[in-house]
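Here is a short briefing on one protein chain.

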Amino acid sequence: MLQPQQLRVLVAIRDRGSLSGAAEALGYGVPTIAHHLSSLERHLRVRLVERDRRGARLTPLGEVFVEE
């Protein structure tokens, strides 16, 4: 089931460019952000965020999902 908090996490990752930035913006720890993100990706069965050493960015599907 989709949770509003999962969407807030996805938007915060987009806006802040990293899981740690999203955690700071929302007042959560990084593990909580990662949990919400992985739950959402499992539910939708798609990858919504690409992560690397420079941070995180939404995939094209992630961008469409946030816009909808």
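Contact means heavy atoms within 4.5 Å. Helices (H or I, at least four residues) and strands (E, at least two) are DSSP runs, numbered from the N terminus. This is a predicted model: local features need pLDDT of at least 70, side-chain atom pairs count only at pLDDT 80 or more, and totals for chains, interfaces and linings use all residues. Residues are numbered from 1 along each chain as its sequence is written, and side-chain values use heavy atoms, with hydrogens and water left out.

**Helix α2**

- Helix α2 covers residues 19-26.
- Its buried residues are L19, G21, A22 and A23. Buried means under 20% relative accessible area, exposed over 50%, partly exposed in between (1.4 Å probe, protein chains only).

- S18 sits in the loop between α1 and α2.
- S18 counts as buried because its relative accessibility is 16%.
- The S18 side chain makes a polar contact with the side chain of S20, at 3.3 Å. A polar contact is a pair of N or O atoms within 3.5 Å; within protein, one must be able to donate a hydrogen and the other to accept it, and residues adjacent in sequence count only if both atoms are side-chain atoms.
- Leaving aside neighbours within four places in sequence, S18 is in contact with I13, G55 and A56.

**Overall fold**

- The chain has four helices and two strands.
- Along the sequence, the pattern reads α-α-α-β-β-α.
- The radius of gyration is 11 Å, close to the 11 Å that the globule rule gives for 68 residues, so the chain is as compact as a globular protein of that length. The radius is taken over C-alpha atoms; the rule is 2.2 Å times the number of residues to the power 0.38.
- The C-alpha trace spans about 25 × 25 × 20 Å along its principal axes.
- Of contacts between residues at least 6 apart in sequence, 43% join residues at least 24 apart.

**Burial**

- Of the 68 residues in the chain, 37% are buried.

**Confidence**

- The chain averages a pLDDT of 96, and 100% of the residues score at least 70. pLDDT is the predictor's confidence in each residue, from 0 to 100.
- Among the elements, α2 has the highest mean pLDDT (98) and helix α4 (residues 60-67) the lowest (95).
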